[in-house]
Every structure is written in C-alpha cells, then in structure tokens.
Amino acid sequence: MKRSVFDDPVVEREWWAWFAAERGHVMRGGVATFLAGVIGFAPTDFVLYPAVADWLVLIRVVTVLAILPALPAFFGRKSGERLARSGQEWLLYVCGVTFGGMAAIGAVIAPILTGDARIYAAVLAFCVILAAMYGVTGLRFRYAVPLGLFLTGLFLSVLVAIGYREPAVYLSLVTFGGGVNAIGAVVSRMLEQQGRRAFLRARELERENERTQRLLLNVMPAAWAARLGGGDTMDRVPEATVLFATVVGFADATAGRPSLEVVDLLDRIVARLDALTVESG
C-alpha cells in the first residue's frame, strides 16, 4: 500500500474506528504521559529555576486546564466512540497544547540559562520528546510530520528571540531535529501502513467468517452452527452407523416429472430408509 488513505471514505472511517479500538490504549498512554510530565516536573521548577518558578507553575496550570477538555475523549464513559470518531484530532490537540506549554516554559527559562551545556541538554531533551511524539503517541502521519516540523521551527525561533549566537547549537538543533523528523516521518508512515494492512486482513477474515457462518447455517441447525463458529466441539457419539444408498435409474424414472413430485418421492425414500435403520437397530 503506497497511499496514506483509502479511496473509499467509508473504508477510511472504518479503518480509524478499527485503529481506535486496537491502539486506543497507546493514545491513552500518550495523553497520560504528557499530563503526568506537565504536572510531575512542577516541583523541580522551584529547585532549578527559583527566580521564575511562579511563572513556570502558572504555565503548567494553564497547560493542564487546556488539556482537560480532551480527557473525556480518552478516558470518558463513551471514549471508544469518541476515539473512533475524532480520536486523532483530539490527540493532535493534546500534543499541540503540551508542546505549546513546553515552548512557553522554554521561552521563560532560556534567558536565565548559563553555559552551552544547558542549551545542548535542552536540545537533546527536545529531540527525545519529539521522537516520542512520532513513535509512542499513535498520532497519524499527516498530523505528526507538520507538528514535528512546526515544533522544530518554534525551538529555533526561541533561540533567535533570546539572542543566542552560538552556531554549533543551531547546527545541532537543525541536524538532530531534522534527523528525528526525517526518521520519525518514516517510522510514522510505516506504522500507519502496517496498521492499514492489518485492518484489511482483519476485514477480509471477518468476511470469510461470515461466509463460513452462512454456509454452516445452510447445512445444520443454527445452534450447531453457532457452536462450531465459536470454536466449540460438537457432542460425541460413541457408536454410529452410516448408510450409503443410491436409487438405480432414478434420473430416468423422474425425467419429465414435476419438481415437487420428485422431491416428494425423495422424501418418502429417505423416510423409508430411516425406518429401516431404526428397525435394524
């Protein structure tokens, strides 16, 4: 599959519903991780950046409040339906809000950072989080790539805004950030295409199961077909006798007769054979 979407919009909707059911736990895990990260690192603001800790906590609070409207889509009573309908858009919203909050935090602490080591550490942390956004959250390819490029440009803009002039840092951000975006785009597309192929296989298997079920219903009672379709075994018969019989000249004898008359004749023949088997034990 070379395309990133199905031609049929109905199939495309079915695919995202299937994806939400299969990978919903991944999207929920990504949202929970982002939320835990925003809240969990709040105490370190007072230790590492006491001069601007109040501003950092305010940014974190605003970020959490902005994420709250998306939580019912992932953890609500009808989250499965919401994820099937618009889970990717809600996930994109959470990623955008989280990274927006991180950018605001970076803009506040960047002017007070001293030494290139801390800037390099910030670049490394950004690249790690960017890689997680591509590979862990389950965000679709067409959303993940533009968001990743935008965030990289935003990081560059923050460095320019604070007047940082070390070329090596810019080169590191462009090199590693660009590399993460390139690899992340490939990984994101591969994961989505593999998921789409798995969806098509599951869809075809479901159709085959339906055909098998219809065939079973044609040859046996519905209760037996349901048991076989569910993987159950039928009741064992310790002893049985199988009677094979043929009516010599039946085709010639019934040629030209009405169909109902032929069926009635067959019914009487089978009934007589059943009676003979019962009489013979």
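Which residues is Phe74 in contact with, leaving aside its neighbours within four places in sequence? I opened the notebook with that one. I am working on a predicted model.

**Entry: Phe74**

I listed the contacts of Phe74, with neighbours within four places in sequence left out. The list holds Met27, Arg28 and Val31, then Ser79, Leu83, Gly87, Trp90, Leu91 and Val94. I looked up its accessibility next. Phe74 has 0% relative accessibility, so it counts as buried, the limit being under 20%. I then checked Phe75. Its relative accessibility is 45%, and Phe75 therefore counts as partly exposed.

**Entry: nonpolar cores**

I asked how many residues the largest nonpolar core has. It has 45. Phe74 is among the residues with the most contacts inside it, together with Cys95, Met133 and Leu139. Helix 1 (9-40), helix 3 (53-67), helix 4 (71-75) and helix 5 (79-109) each supply at least two residues. So do helix 6 (116-135), helix 7 (141-161) and helix 8 (167-219). Helix 1 gives the largest share, 10 residues. I also found a second, separate core of 6 residues. Tyr49, Val52, Ile59 and Ile105 are included in that second core.

**Entry: helix 7 against helix 8**

I checked how these two helices pack. Their axes are 9 Å apart, at an angle of about 170 degrees. I wrote down the contact residues. Helix 7 brings Phe141, Ala144, Val145, Gly148, Leu149, Thr152, Phe155, Leu156, Leu159 and Val160. Helix 8 answers with Val169, Tyr170, Leu173, Val174, Gly177, Asn181, Ala185, Ser188, Arg189 and Glu192. By class, the contact of helix 7 with helix 8 holds 13 nonpolar, 5 polar and 2 charged residues.

**Entry: helix 3 against helix 5**

Helix 3 and helix 5 pack at about 170 degrees, and their axes lie 10 Å apart. Helix 3 is therefore roughly antiparallel to helix 5. On the helix 3 side I noted Trp55, Leu56, Ile59, Arg60, Thr63, Ala66 and Ile67. On the helix 5 side I noted Tyr93, Val97, Thr98, Gly101, Ala104, Ile105, Val108 and Ile109. Ile59 and Ile105 also belong to the second core. The contact of helix 3 with helix 5 divides into 11 nonpolar, 3 polar and 1 charged residues.

**Entry: helix 1 against helix 8**

Are helix 1 and helix 8 roughly parallel or roughly perpendicular to each other? Their axes cross at roughly 100 degrees and come within 10 Å. The two are therefore roughly perpendicular. Helix 1 uses Val11, Glu12, Glu14, Trp15, Trp16 and Trp18 here. Helix 8 uses Glu192, Gly195, Arg196, Ala198, Phe199, Ala202 and Arg203. I recorded 7 nonpolar, 1 polar and 5 charged residues for the contact of helix 1 with helix 8. Glu192 is also in the helix 8 list for the contact with helix 7.

**Entry: aromatic rings**

I counted ring pairs and got 11. The ring centres of Trp15 and Trp16 are 5.2 Å apart with planes at 50 degrees, so the pair is tilted. Trp15 and Trp16 are both buried. Phe74 and Phe75 also pair: centres 6.5 Å apart, planes at 50 degrees, so tilted. I traced one cluster through ring pairs. It links Phe6, Trp15, Trp16, Trp18, Phe19 and Phe199.

**Entry: single residues**

Where is Arg140 placed? I found it in the loop between helix 6 and helix 7. Arg140 has 9% relative accessibility and therefore counts as buried.

I moved to Ser172, in helix 8. At 15% relative accessibility, Ser172 counts as buried. Ser172 and Val123 are 49 residues apart in sequence, with C-alpha atoms 7.7 Å apart. Leaving aside neighbours within four places in sequence, Ser172 is in contact with Tyr120, Val123 and Gly177.

Last, I looked up Arg227. It lies in helix 9 (residues 222-229). Arg227 is partly exposed, with a relative accessible area of 27%. From Arg227 to Pro50 the C-alpha separation is 68 Å, across 177 residues of chain.

Notes: Residues are numbered from 1 along each chain as its sequence is written. This is a predicted model: local features need pLDDT of at least 70, side-chain atom pairs count only at pLDDT 80 or more; totals for chains, interfaces and linings use all residues. Side-chain values use heavy atoms; hydrogens and water are left out. A nonpolar core is a set of buried Ala, Val, Leu, Ile, Met, Phe, Trp, Tyr and Cys residues joined through side-chain atoms within 4.5 Å. Buried means under 20% relative accessible area, exposed over 50%, partly exposed in between (1.4 Å probe, protein chains only). Helices (H or I, at least four residues) and strands (E, at least two) are DSSP runs, numbered from the N terminus. Contact means heavy atoms within 4.5 Å. Axes are lines fitted to C-alpha atoms, for helices over the stretch in contact, and angles run from 0 to 180 degrees between N-to-C directions. Ala, Val, Leu, Ile, Met, Phe, Trp, Tyr, Cys and Pro count as nonpolar, Asp, Glu, Lys and Arg as charged, and the others, Gly among them, as polar. Angles under 35 degrees count as roughly parallel, over 145 as roughly antiparallel, 65 to 115 as roughly perpendicular and the rest as oblique. Rings of Phe, Tyr and Trp (its six-membered ring) pair if their centres lie within 6.5 Å; planes under 30 degrees apart count as stacked, over 60 as edge-to-face and the rest as tilted.
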